[in-house]
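Work through the exercises below with the sequence and the model side by side. Try each task before reading its solution.

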Amino acid sequence: MSVLDIAQVGNPVLRTAASTVSREQLATDELQQFIDDMIDTMRAANGAGIAANQVHRPIRVAVAEVTSNPRYPYKPPLPLTVFVNPVLRPLDDEIVRINEGCLSVPDLRGDLYRFVNVEIRFWDRDGVEQVQTHRGLSAGTFQHECDHLVGRLFLDRVTDTTTLTTWDEFEQHHREAFLRRIAHLSADA
Ligand code: ZN
């Protein structure tokens with residue numbers, strides 16, 4: 001197990017569009033080990049996901065997982081998913097204002113709009129094509145990670161900067177209103 005260094009906002013690698021991974025590259029022991037390291041890094045940091053750019057390697061690989069996450073106790077469970085060369089598209093035009101943080105943006109969260117229903121096509125770590133649909137906060141997680149792969153951070157999508165908050169202030173002043181705002185998403189998921 002190795003936990004990798006996570007690039008922080010300002011590091012140019014976070015603004016780099018990641019390159020496509022070939023099946024040959026994906027099959028190497030080296031890349032499989034890298035994927036394991038990404039999973040370890042995500043779990044060690046209590047992240048809901050991490051993209052390869054965030055560990056200083058701009059290739060189109062990301063991982064996501066939500067079990068019981070102390071960073072995001074309200075997020076619905078999401079089984080460990082390794083997604084390579086993902087292509088994401090919204091399934092309709094329903095959007096929702098959610099609140100996000102990022103392992104590459106220390107102690108800051110903010111409100112932004114995400115599509116509620118998305119389809120994501122990708123290769124799993126064995127190179128097998130997968131198609132999944134996701135809704136609500138899980139859909140938000142996939143949109144967040146796919147943004148990383150094109151060099152975009154959640155900060156870029158925060159249009160109302162008065163919603164920016166530290167994690168502690170979020171807990172104290174904003175969490176309840178946020179949970180009320182997204183309650184309909186889990187109720188009919
Ligand atoms: Zn992030």
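**Exercise 1.** How many bridges join E6 to E7, and do the strands run parallel or antiparallel?

*Solution.* This is a predicted model. Start with the pair itself: E6 and E7 run antiparallel and are joined by seven bridges. Now look at the connection. The two strands form a hairpin with five residues between them. Gly127, in the turn, has a positive phi of about 85°.

**Exercise 2.** Find the antiparallel pairing between E6 and strand E3 (residues 78-90).

*Solution.* Count the bridges: E3 and E6 share five. Then check the cover over E6: six of its seven residues are buried.

**Exercise 3.** Is Asp124 buried or exposed?

*Solution.* First place the residue: Asp124 sits in the loop between E6 (117-123) and E7 (129-135). Next, apply the cut-off: buried means under 20% relative accessible area. Asp124 has 16% relative accessibility, so it counts as buried. List its contacts beyond four places in sequence: Leu26, Val82, Val84 and Gln130. Finally, find its side chain: a polar atom there lies 2.9 Å from the backbone nitrogen of Asp126.

**Exercise 4.** Which protein atoms are the donors of the zinc ion?

*Solution.* The donors are Cys102 (SG), His144 (NE2) and His148 (NE2), at 2.0 to 2.3 Å. Their spacing along the chain reads C-x41-H-x3-H. Cys102 lies in strand E4 (residues 95-102), and His144 lies in helix H3 (residues 136-149), 42 residues apart. Both Cys102 and His144 are buried.

Terms used: Residues are numbered from 1 along each chain as its sequence is written. This is a predicted model: local features need pLDDT of at least 70, side-chain atom pairs count only at pLDDT 80 or more; totals for chains, interfaces and linings use all residues. Side-chain values use heavy atoms; hydrogens and water are left out. Donors are N, O and S atoms within 2.8 Å of the metal (3.2 Å for Na, K and Ca); water is not among the atoms, so sites may look incomplete. Helices (H or I, at least four residues) and strands (E, at least two) are DSSP runs, numbered from the N terminus. Buried means under 20% relative accessible area, exposed over 50%, partly exposed in between (1.4 Å probe, protein chains only). Contact means heavy atoms within 4.5 Å. A polar contact is a pair of N or O atoms within 3.5 Å; within protein, one must be able to donate a hydrogen and the other to accept it, and residues adjacent in sequence count only if both atoms are side-chain atoms. Two strands pair if DSSP finds at least two bridges between them.
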